[in-house]
Amino acid sequence: MAASGYGDLLGKVIAGADWMIAGALGIETIEPTAWEHSQHGLRDWTADPLALRRREPRALYLLIEGLLMAGLSMQAARSSRPASGSEHLFSHLWEMEGVHRGSDVPSHGFQVGLGTIAAAALAEKLVMRDLTTLHGASVQAAWRGWEQVEPEVRRSFSDPRVAASAVEESKAKHLTPAQVRGRIAAIRRAWPELQRSLWSQLRPVEELRVMLAAAGCPTTPEELGLTRAELQRDYARARQIRTRYTLLDLAAETGLLDTLVSSLFTSDGFWGLPG
Ligand SMILES: [Zn+2]
């Protein structure tokens, strides 16, 4: 239970980064009270996963405080936004599709924990890019219209109900070619400050992986019953199931999603086969 709660709580690192991105691009506003509630104590709440594993009262207290504050932040924002970003898109996808390993269904927090690692691995690649040099006209020229994207979204999900829902959610945030040009201009303007903010918000993916492992959370797709190929495919699919704007959208709209995700799965990439 404690490890699962820890996985969900550490996910706020990513949820915060996703909210920063949506805020900087003018897609959503950052509600200061909610931000304070969910982010201010995060480093302290998550600082000692080994003590949590040893069930030390102080560590359990900090975990419960963090989870309560995340709940309060959602009330303050009247939205799950402060506590749920791309890391939860991965877990929602796996929950909808009933990911399991044998008869073992991983807990919500364990799924969020792996989603946190997946999102952090991509975030680390994305934040190193210089997005001020993007060429709006080129991105617009390569942008695919909804009529091309829809069948692809529909084909990505074997459950027809999930597919129908993903089509609706994806359609709601799909930009027209003219809109994508405007979005690229907004990204170029926002990037210098947003990049600095993300550097301070994010933590190295390896550090997050070690923290989750110390708490007793699974940290590989295989432990959840997923292959590496399935995880690779799920970066695009996680983006498709909700309108919520996250770093997955930023990567997709800048034309970088496929390249960056592929780089994570090469033999020397973060998700490259072990050994
Ligand atoms: Zn959750």
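Q: What makes a stretch of this chain a helix or a strand?
A: Helices are DSSP runs of H or I with at least four residues, strands are runs of E with at least two, and both are numbered from the N terminus. By that rule the protein chain has 17 helices and zero strands. This is a predicted model, where local features need pLDDT of at least 70, side-chain atom pairs count only at pLDDT 80 or more, and totals for chains, interfaces and linings use all residues. Residues are numbered from 1 along each chain as its sequence is written, and side-chain values use heavy atoms, leaving out hydrogens and water.

Q: What makes Asp8, His88 and His108 donors of the zinc ion?
A: Donors are N, O and S atoms within 2.8 Å of the metal (3.2 Å for Na, K and Ca); water is not among the atoms, so sites may look incomplete. Asp8 (OD), His88 (NE2) and His108 (NE2) coordinate the zinc ion at 2.1 Å. Asp8 in helix H1 and His88 in helix H7 lie 80 residues apart.

Q: Are Asp8 and His88 buried or exposed?
A: Both are buried, meaning under 20% relative accessible area, with exposed over 50% and partly exposed in between (1.4 Å probe, protein chains only). Of the 275 residues, 52% count as buried.
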